[in-house]
Amino acid sequence: QVDTSLTKRKHHHDESLSSSLEQQQATDKTQGMVHEDHSNEPMHKQIVWALKNFPLAYWVIIGILTLFMSDLYTMTAFMTKITFEDWGYTPVHAANATSLVCMANFITAPGIGWVCGKTGFRIKSVLMGSILLFLIHVIFGTTEVIPAAVLACALGVTQSIMDTALFPSITLVCHENLHNLAFTFASFSYNVGLLSVPTIVGAARDAT
């Protein structure tokens, strides 16, 4: 019985060791693919190689980034029109209020970026930015109590929070050999959103 027990333990140990070796070989193979230099290959082969090696976390970041950018710039584009036509602002007052989005982003981005880099709270920052963006939309769409200038400043701060959390995360989830193509795909993705979402929103507003 003792011999049988020892034999079973040895067999189980050998199976575990074999499984671990197979997993390590698969990991080494994958890492080797990522570390390969494909810079001298044709562009279409580089793109295919990058698409195969981008991790799932990268695509999640790209999805959030595209939705946020599309939403942010669509709201900024229509804020002047809405505050002028619906809120009764003068054209100058409406334009000045909208410009505060960029001003708030310009002022707060360095500080928020420093805090995010020190704490590493990128996921929490994305959640916070998403909640702020939702609240700004609800307030802007349902009431005129809060001045547009305040909402614009809040929108600029939200942009700082999301930018400093999302863009650096791309370099954290992708290997350095993929950084160039990773940012290229990110730019392409959210520019598609910037092209389509304002058009859809504008058509919907004209229809109503």
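Helices here are DSSP runs of H or I with at least four residues, numbered from the N terminus. Please keep in mind that this is a predicted model, where local features need pLDDT of at least 70 and side-chain atom pairs count only at pLDDT 80 or more, while totals for chains, interfaces and linings use all residues. Residues are numbered from 1 along each chain as its sequence is written, and side-chain values use heavy atoms, with hydrogens and water left out.

The largest pocket holds about 300 Å³ of space. By pocket I mean an open set of points on a 1 Å grid over the protein atoms alone, where a 1.4 Å probe fits, with protein on both sides within 12 Å along at least five of seven lines; lining residues have an atom within 4 Å of a point. The volume is the space filled by probe spheres set on the points, which are joined across faces, edges and corners.

There are 17 lining residues, and Met75, Phe78, Ile82, Phe140 and Gly141 are the closest to the centre. Helix 5 (122–142) and helix 7 (179–207) also supply at least two residues each. By class, the lining has eight nonpolar, five polar and four charged residues. Nonpolar means Ala, Val, Leu, Ile, Met, Phe, Trp, Tyr, Cys and Pro; charged means Asp, Glu, Lys and Arg; the others, Gly among them, are polar.

Now to the second largest pocket, with a volume of about 230 Å³. Ile61, Arg122, Ile123, Val126 and Ser169 are the closest to its centre, out of 14 lining residues. Here helix 6 gives the most, five residues. The lining comprises 11 nonpolar, two polar and one charged.
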